[in-house]
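Subject: Structure handover

Hello,

Here is the structure I said I would pass on. My notes on what was found in it follow below.

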Amino acid sequence: MKRALITGITGQDGPYLARLLLSKGYKVYGTYRRTSSPNFWRLQHLGILKKITLIPADLSDMSSLLEAVTVSNPDEIYNLAAQSFVGASFDQPLHTTEIDASGATRFLEIIRHLNKNIKFYQASTSELFGGAKECPQDERTPMMPNSPYAAAKLHAYHMTKIYRHSYGIFTCNGILFNHESPLRGLEFVTRKITNSVAKIKLGLQKELVLGNLDAKRDWGYAGDFVKMMWMMMQHDKPDDFVIATGETYSVGEFAEEAFKVVGLDWKKYVKSDQKLHRPMEVHQLCGDARKARDVLGWEAEIKFKELVKMMVESDLRLWKKFTSGENFPWDAPSFPHGMDVIARNVTRDAKREAAAIGGKKLAGKKKKSTWKKLLKG
Ligand code: NAP
Ligand code: G4F
């Protein structure tokens, strides 16, 4: 049975990827970070929370990452964890660098020292192209980051390549263009729009205030894009791939389409506020994923209109449930019954613990236990 470690499993992409890997027979481990209110609702939403094993780890904390790799003993690491919000990276550039740049290097160092056979996937991004003059962008387009987030991700992108070429480690960059879903965080523009459209339709909100309506993005569906993460890790050689739909629409066009789904005219509800504009904008992204199609046979299945409809309908369902007295999924109880969580414990024997969950080879190298497998609930 193949073993995978997914960092950032509580985010949008993590649960879709975990579900895919489970369907392929993988043993799936995922890292989550300690928060005052645990957020496992996406994993619950896809019905996979109890099918995976969770390990607490923070990308800023080397020892927790080392433990996560040791205890999961993975064949493949998918590094999805990040401070992923471009806007926030202008407010917290150092934190973003620490997590998005150095975080990836920490994993590469662990692989180099512990086991060079572990394959590594880095969640790279179309933001790397930021100010590119060319459109569409592909793997050969010059990278011109326009935000602290993009600059940090560019560092991780290069380190991923450097470890491939210097040490022969199987490392891949998935250069993913924007991908969305009903599980998208509420601060990203697509979900902000679809959530507001649902509330406006139900009379729970009056207007929608956005920033730059003219910015254009190549928006795909996260469920399609995670397939390509797995496909590039199964390829006979490590490589970097652009993943995109090849179509680009403006924020205004997304809003127009979303309001259309519920039969409303967007112009009556949407306002643009200068305060929500970014210090430096990425004006247009559109990907050319020909290499992914030709080499790996991947193509985006869900396109713009279908994606917008899926997201609006999902938010409508949620808000209708709310108005009839049901909780939101993100009100899920902390540590729901039956979760498989591995937590630190200095009193147990690491070798036995890791061996019990399959980490024999690496566990043999450790002397003292720091891990205990807890079955919560
Ligand atoms: P997301 O929803 O924001 O999820 C990010 C994940 O990273 C969450 O699980 C988050 O944990 C975790 N995380 C944040 N800081 C961490 C830290 N210090 N230590 C450990 N974990 C941490 O992002 P996503 O949309 O799933 O994207 C996945 C990856 O792809 C990210 O690296 C993103 O930058 C990249 N990417 C995304 C897109 C896109 O359009 N979605 C496109 C290109 C690249 P919490 O849940 O606790 O916050
Ligand atoms: O939804 P966004 O915040 O996504 P952005 O900046 O494109 O970043 C996302 O995609 C990247 C891939 O290209 C990922 F690497 C990254 O992690 C993230 O997933 O903003 C999209 C556009 C921007 O031009 C922004 O200025 O929408 C514009 N926008 C206009 N009004 C807004 C708003 N963005 C947000 N978040 N909120 C607004 O009210």
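Ten nonpolar, eight polar and six charged residues make up the shell around ligand 2. Please keep in mind throughout that this is a predicted model.

That shell around ligand 2 holds 24 residues, and the closest of them are V86, T125, V189, G211 and A215. The largest share comes from α7, with three residues.

Now to ligand 1. Its surroundings also come to 24 residues, of which G8, G11, A81, A82 and A123 are the closest. By type, the shell around ligand 1 has 14 polar residues, seven nonpolar and three charged. Helix α1 (13-23) and strand β5 (119-125) each supply at least two residues to the shell around ligand 1.

The largest nonpolar core has 100 residues, and I6, F120 and I243 have the most contacts inside it. Helix α6 (residues 148-167) gives this core its largest share, nine residues.

Which residues does F120 touch, leaving out those up to four places away in sequence? They are I77, N79, F107, L108, I111, T160, I169, F170 and T171.

Regards

Definitions and conventions:
Residues numbered from 1 in each chain as written. Chains lettered and ligands numbered in written order. Predicted model: local features only at pLDDT ≥ 70, side-chain atom pairs only at ≥ 80, totals over all residues. Near = placed C-beta within 6 Å. Helix = DSSP H or I, 4+ residues; strand = E, 2+ residues; numbered from the N terminus. Nonpolar A, V, L, I, M, F, W, Y, C, P; charged D, E, K, R; others polar. Core = buried A, V, L, I, M, F, W, Y, C linked by C-beta atoms within 7 Å. Buried ≥ 20, exposed ≤ 12 C-beta atoms within 10 Å, placed from the backbone. Contact = placed C-beta atoms within 7 Å.
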